[in-house]
Amino acid sequence: MATKKVTVTIPEDLLDEIRADAAERGLSAYVAEALRFKRDRDRLQELVGWLQEEHGPVTEDEHAAALDELEELDAEHERRRSAGKRNAGEAA
């Protein structure tokens, strides 16, 4: 994949935090991943706008149901991560 070097200005404290988090991947990979994530979120926001234009805004009940489902998914994700850590410890 072609790359291009650019210059950006980032608050120093944020840069320090990012460098600590990005240690193994490297700063460029971390920033590229963050930018892709932001671009994807922007596209999703655009889709939400289109859907709301077509179908109307999300109701409070629909919003609450979606939040409940996200909480269930987060709990399942945490259960699987915890199980994976336990299994990895047993293999060592």
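How exposed is D40: buried, partly exposed or exposed? Select D40 and see: its relative accessible area is 36%, so it counts as partly exposed. Keep in mind that you're looking at a predicted model.

The side chains of R39 and D40 meet in a salt bridge, 3.2 Å from N to O. R39 is partly exposed too, at 38% relative accessibility.

Next, pick E33 and R25. These two form a salt bridge, and their closest N and O atoms sit 2.6 Å apart. E33 has a relative accessible area of 44%, and R25 is listed at 44% as well.

Now color by confidence. The chain averages a pLDDT of 92, with 96% of the residues scoring at least 70. Helix α2 comes out highest, at a mean of 96, and helix α3 (residues 60–91) lowest, at 90.

Stay on helix α3 and select R81 and E78, which are three residues apart, about one turn of the helix. They form a salt bridge with the closest N and O atoms at 3.7 Å. Then try E76, R79 and R80, which are linked in a network of salt bridges. The total count is six salt bridges.

Last, switch to the surface. L44, L47, W50 and L51 make a nonpolar patch of about 400 Å²; L51 belongs to helix α2 (residues 27–55). For a negative patch, select E12, D13, D16, E17 and D21. D16, in helix α1 (residues 12–21), is partly exposed at 45% relative accessibility.

Terms used
Residues numbered from 1 in each chain as written. Predicted model: local features only at pLDDT ≥ 70, side-chain atom pairs only at ≥ 80, totals over all residues. Heavy atoms only, no water. Patch = residues over 30% accessible without salt bridge, like charges linked within 9 Å, V, L, I, M, F, W, Y side chains within 5 Å. Areas by Shrake-Rupley, 256 points an atom, 1.4 Å probe, with all protein chains shown as cover. Salt bridge = Lys/Arg side-chain N within 4 Å of Asp/Glu carboxyl O. Helix = DSSP H or I, 4+ residues; strand = E, 2+ residues; numbered from the N terminus. Lys, Arg positive; Asp, Glu negative; His and termini not counted. Charge placed at Lys NZ, Arg CZ, Asp CG, Glu CD. Buried < 20%, exposed > 50% of the residue type's maximum accessible area, 1.4 Å probe, protein only. pLDDT = per-residue confidence, 0-100.
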